Amino acid sequence: MTETIKRGTRLSGSEREQLAGELSKGYAEGKSIRALAEETGRSYGFVHRLLSENDVTLRSRGGATRGKARQG
C-alpha cells in the first residue's frame, strides 16, 4: 500500500486515482474500510468516499455473525 499520506493533505489528479486504485484493490481482497484508512493515514470517511466515487460495491456492515458457526 502507498506510504502514509499526511492527514489533511489534498489529493487530486493522478495521485488521487492511484490511491483510489490501491484502496479498491485492498477492499476487493477483503480489507475493511477502517483497516485501509489506518494503513493510509486517512479518515474512514475519506476512504469510504473514494471507494464510492470509484463505483466500488461496498459490503454490508458487520460481516457473517451467524450461520455456519452455529450449525456446526
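What follows is a working chat about a predicted model of one protein chain.

Biologist: What is the secondary structure of the protein chain, in helices and strands?

Modeller: The model is predicted, and the chain has 4 helices and 0 strands. From the N terminus on, the order is α-α-α-α.

Biologist: And how much of the protein chain is buried?

Modeller: Buried residues account for 25% of the 72 residues.

Biologist: What share of the contacts between residues at least 6 apart join residues at least 24 apart in sequence?

Modeller: The share is 59%.

Biologist: Let's go to the helices. At what angle do H1 and H2 pack?

Modeller: H1 and H2 pack at about 140°, and their axes are 10 Å apart. The two helices are therefore oblique to each other. The crossing of H1 past H2 is right-handed.

Biologist: Which residues make that contact between H1 and H2?

Modeller: H1 contributes Leu19, Leu23, Gly26 and Tyr27, while H2 contributes Ile33, Leu36 and Thr40. By class, this contact has 5 nonpolar and 2 polar residues, with no charged ones.

Biologist: Now H2 and H3. How do their axes cross?

Modeller: The axes of H2, residues 33–40, and H3, residues 44–53, come within 8 Å and cross at roughly 110°. That makes H2 roughly perpendicular to H3. This crossing is right-handed.

Biologist: Who is in the contact of H2 with H3?

Modeller: On the H2 side there are Ile33, Arg34, Leu36, Ala37 and Thr40, and on the H3 side Tyr44, Val47, His48 and Leu51. The contact divides into 6 nonpolar, 2 polar and 1 charged.

Biologist: Which residues in H1 and H3 meet?

Modeller: From H1 there are Arg16, Leu19, Ala20, Leu23, Ser24 and Tyr27; from H3 there are Phe46, Val47, Leu50, Leu51 and Glu53. The classes come to 8 nonpolar, 1 polar and 2 charged.

Biologist: What makes up the largest nonpolar core?

Modeller: The core has 12 residues in all: Leu11, Leu19, Ala20, Leu23, Tyr27, Ile33, Leu36, Ala37, Phe46, Val47, Leu50 and Leu51. H1, H2 and H3 each supply at least two residues of this core.

Biologist: As a general matter, where do nonpolar side chains tend to be in soluble globular proteins?

Modeller: They tend to be buried together.

Biologist: Take Tyr27. Buried or exposed?

Modeller: Tyr27 lies in H1. The cut-off for buried is under 20% relative accessible area, and Tyr27 has 5% relative accessibility, so Tyr27 counts as buried.

Biologist: What is Tyr27 in contact with, leaving aside its neighbours within four places in sequence?

Modeller: Tyr27 is in contact with Ile33, Leu36, Leu51, Val56, Thr57, Leu58 and Arg59. Ile33 and Leu36 are among the H2 residues in the contact with H1, and Leu51 is one of the H3 residues that meet H1.

Biologist: How far apart are Tyr27 and Arg59, in sequence and in space?

Modeller: Tyr27 and Arg59 are 32 residues apart in sequence, and 9.3 Å apart in space from C-alpha to C-alpha.

Biologist: Change of topic. Where is Ser52, and how exposed is Ser52?

Modeller: Ser52 is in H3. With a relative accessible area of 34%, Ser52 is partly exposed.

Biologist: How far is Ser52 from Ser24 in space?

Modeller: The C-alpha atoms of Ser52 and Ser24 are 9.7 Å apart, and the two residues are 28 apart in sequence. Ser24 is also one of the H1 residues that meet H3.

Biologist: What is the phi of Asp55?

Modeller: Asp55 has a positive phi of about 55°, although Asp55 is not a glycine.

Biologist: Buried or exposed for Asp55?

Modeller: Exposed means over 50%, and Asp55 has 70% relative accessibility, so Asp55 counts as exposed.

Technical notes. Residues numbered from 1 in each chain as written. Predicted model: local features only at pLDDT ≥ 70, side-chain atom pairs only at ≥ 80, totals over all residues. Heavy atoms only, no water. Axes fitted to C-alpha atoms, helices over the stretch in contact; angles between N-to-C directions. Parallel < 35°, antiparallel > 145°, perpendicular 65-115°, else oblique. Left-handed = near helix turned anticlockwise from the far one by under 90°. Contact = heavy atoms within 4.5 Å. Nonpolar A, V, L, I, M, F, W, Y, C, P; charged D, E, K, R; others polar. Core = buried A, V, L, I, M, F, W, Y, C linked by side-chain atoms within 4.5 Å. Buried < 20%, exposed > 50% of the residue type's maximum accessible area, 1.4 Å probe, protein only.
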